[in-house]
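Me: I have a model open and would like to go through a few of its features with you. Could we start once it is on the screen?

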Amino acid sequence: MQLVKRTTLFLALGLLLPTILQAQPASYNHPELIWEVYDSEHFQVMFHQGSERTAREILRIAEDIYEPTTELYNYEPEGKIRFIVKDHDDYSNGGAYYYDNKILIWAKPMDFDLRGTHNWLRNVVTHEFTHMMQLGASRKLPRWLPAFYFQVIDYEEEKRPDVLYGYPNILSSYPLPMTIIPPWYAEGCAQSQAPGMGYDHWDSHRDMILRMRTLENNLLTYTEMGYYGKTSYNAEGVYDHGYALVQYITHKYGWDKLGAISHDMQNAFAFTFDYALKRNLGINGGELYDDWVQSMQQTYQERTATIQDNLVTGELIEAEGFANLNPAWSPDGKKLAFTSNKGGDYFANSQLYVYDLESEQQEAIQAGIGSPLAWSPDGRFIFYDKQFGPGPKGSHWDDLAVWDTEEEKEIRLTRHLRASHVDVSADGRQVCFTVNADGTQNLWIADLKENWWEIKDNVRIENERALTHFNNGDQVYTPRWSPDGSSIAFSWNRHRDRDLRIMEVVSGEMITLAQTTTDERDPVWVDNESLYFSSDRTGIFNLYRCDLNSGNTTPITNMLGGAFMPSVSADGQIAYIDFQATGFKLAKLDAVTEVDPVAMSYIPDYEETLPGIDYAQDLAPDLS
């Protein structure tokens with residue numbers, strides 16, 4: 001028998017899968033869940049028990065955004081799009097599977113340090129639906145044919161008598177995708193949404209990232225904007241760079257270009273994005289990128305000129321890594337706990353560290369910790385929240401835990417409570433925290449049992465009770481006990497940005513301390529009459545002091561990047577997070593001074609630049 005060399009050509013179908021920034025928990029079938037369906041003219045929403053409020057709101061939002069989004073891209077989907085709602089894990093994300101005509105939404109709102117706070121469902125539903133329409137408008141062939149792959153397999157000549165054809169030694173594939181859109185453009189369009197919506201907007205977090213990367217010459221290149229980076233910080237860069245560049249296109253060339261560029265990519269011979277850019281903008285992607293960067297350099301230099309001459313910042317303690325967060329002073333002021341991802345590529349790589357101010361040495365205490373921290377009054381325990389793994393029915397829920405610095409071990413405080421953002425009262429007898437359910441996060445408190453750290457049956461708290469009873473997507477963040485234990489300060493959000501509130505524990509009376517269209521967050525008590533907090537009221541996040549008796553608010557930093565998460569030591573030092581071009585850094589202020597607001601000028605009348613709230617704010621009607 002004569003043996004011959006064989007070359008084979010294959011034609012195969014490809015499948016595009018959504019890119020997800022954060023890893024989701026391992027999947028379980030969850031046979032205990034009962035699923036139902038809501039129907040409307042253009043959508044179906046599938047949901048399980050416990051997520052009814054989220055499902056009703058998604059259906060209302062989807063019909064609200066259908067017409068303006070389909071008109072912008074001059075494209076309508078084939079049949080009804082299915083939304084699938086999940087709330088069996090404490091995980092937050094959304095995914096558009098546009099070849100399957102479905103969108104996956106997790107009910108828990110996203111709380112991500114690189115992004116501002118928006119109405120979660122308005123934002124994520126519009127974001128993912130925009131993906132579906134923009135990508136659909138760009139598709140060359142029907143949805144059932146996502147791609148061609150030309151594949152060549154070649155074999156080596158025979159080497160032994162017992163080898164019939166020889167071993168394969170060449171495998172070459174050449175894909176011809178039927179949808180060609182770079183990630184920066186897809187994500188930029190999904191964040192820009194349609195004119196006038198305002199469910200997402202160019203917030204101070206995104207501006208902070210682009211401002212610092214521009215001023216420190218650290219922007220992603222045009223090539224790097226074409227793929228999701230190998231770290232979560234650079235992957236997020238595709239989103240904020242893409243959003244800024246798409247906004248540059250709409251401002252300079254008009255909103256209609258978004259649909260026109262997408263439709264031109266339907267051309268069978270449009271195999272590079274430059275084809276559509278040249279037809280609509282008259283320039284290629286590299287030229288567009290250069291124009292945009294030059295515009296940003298000029299804008300940011302002009303806006304920050306006064307600030308750069310009048311900086312009021314602290315001393316850096318930890319600059320390695322891009323996610324140094326959650327500082328917390330020990331009661332004696334000698335140690336500083338914080339979380340950091342230094343040495344890792346993702347926010348999820350964060351560990352708990354303790355920095356000793358006397359020796360200037362730090363120690364990694366426990367891996368997998370990236371939450372707010374709180375010390376017990378005696379300085380022995382550090383409280384935090386984390387996910388321990390699947391519960392009895394496979395759900396991944398947040399729970400409270402404690403690090404015992406004496407025994408050097410972790411103690412689990414709650415089980416399957418969906419609890420986070422813990423703080424400890426000054427007498428060490430109570431904890432406050434937040435509890436998540438159906439996309440709403442409420443403020444709770446509980447009593448710590450006597451000698452709770454010695455209890456072996458894992459039931460270490462009692463008398464758990466809710467202090468707030470929000471039911472429409474409200475979010476409570478970072479609650480903090482007052483020194484006398486009578487009140488809890490926290491930040492709150494339902495629609496856009498955060499406001500500060502104080503809850504009187506016994507009476508349940510709640511007052512709004514700072515309610516503006518800007519963002520106020522991260523409250524921490526100085527004493528029973530005053531607070532520090534972070535706010536972007538100038539367009540840049542700075543630290544402020546608020547006197548509760550007079551209501552006077554005084555800035556105490558003047559940052560070029562941003563200042564977050566203040567923590568006050570026993571002798572009045574302030575640890576905080578300083579944002580720079582390479583991420584969040586740990587810093588401290590030894591002395592507090594009042595900053596002249598004139599020296600903080602960045603965006604005049606910043607509040608007036610923010611979008612209003614022009615949508616239904618009541619509970620979506622019951623559809624059962």
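Me: Which helices each supply at least two residues of the lining of the largest cavity?
Reply: Please keep in mind that this is a predicted model. The helices in question are H1 (52-73) and H2 (120-138), each of which supplies at least two residues of that lining.

Me: How much space lies in the largest cavity?
Reply: The largest cavity holds about 160 Å³ of space. In total, the structure has four cavities of 30 Å³ or more.

Me: And which residues lie nearest the centre of the largest cavity?
Reply: Its lining consists of 18 residues, and those nearest the centre are Arg53, Glu57, Asn119, Asn472 and Gly473. By class, the lining divides into six nonpolar, six polar and six charged residues.

Me: What about the second largest cavity, how much space lies there?
Reply: About 70 Å³ of space lies in the second largest cavity. Among the residues that line this cavity are Tyr75, Pro77, Met132, Met133 and Arg143.

Me: Which helix gives the most to that lining?
Reply: Helix H2 does, with three residues. The lining of the second largest cavity has six nonpolar, two polar and three charged residues.

Me: Changing topic: at what angle do the axes of H3 and H5 cross?
Reply: The axes of helix H3 (residues 183-192) and helix H5 (residues 232-253) cross at roughly 70° and come within 7 Å of each other. Angles of 65 to 115 degrees count as roughly perpendicular, and H3 and H5 are therefore described in that way.

Me: Which residues make the contact?
Reply: On the H3 side they include Pro183, Trp184, Tyr185 and Cys189, and on the H5 side they include Val238, Tyr239, Leu245 and Ile249. By class, the contact has 10 nonpolar, five polar and one charged residues.

Me: Now the strands. What is the order of the strands in the open sheet of four?
Reply: The order is S18-S19-S20-S21, and the pairing is antiparallel. Strand S18 (419-424) and strand S21 (461-466) form the edges, each pairing on one side only. On average, neighbouring strands of this sheet are turned by 25° against each other, direction ignored.

Me: How many bridges join S20 to S21?
Reply: Four bridges join S21 to strand S20 (residues 440-448), and the two strands run antiparallel.

Me: Which residue in S21 does Asp447 stand opposite?
Reply: Asp447 stands opposite Glu462 in S21.

Key:
Residues are numbered from 1 along each chain as its sequence is written. This is a predicted model: local features need pLDDT of at least 70, side-chain atom pairs count only at pLDDT 80 or more; totals for chains, interfaces and linings use all residues. Side-chain values use heavy atoms; hydrogens and water are left out. Two strands pair if DSSP finds at least two bridges between them. Axes are lines fitted to C-alpha atoms, for helices over the stretch in contact, and angles run from 0 to 180 degrees between N-to-C directions. Angles under 35 degrees count as roughly parallel, over 145 as roughly antiparallel, 65 to 115 as roughly perpendicular and the rest as oblique. Contact means heavy atoms within 4.5 Å. Ala, Val, Leu, Ile, Met, Phe, Trp, Tyr, Cys and Pro count as nonpolar, Asp, Glu, Lys and Arg as charged, and the others, Gly among them, as polar. On a 1 Å grid over the protein atoms alone, a cavity is a set of points where a 1.4 Å probe fits but cannot get out, and a pocket is an open set with protein on both sides within 12 Å along at least five of seven lines; lining residues have an atom within 4 Å of a point. Grid points are joined across faces, edges and corners, and a volume is the space filled by probe spheres set on the points.
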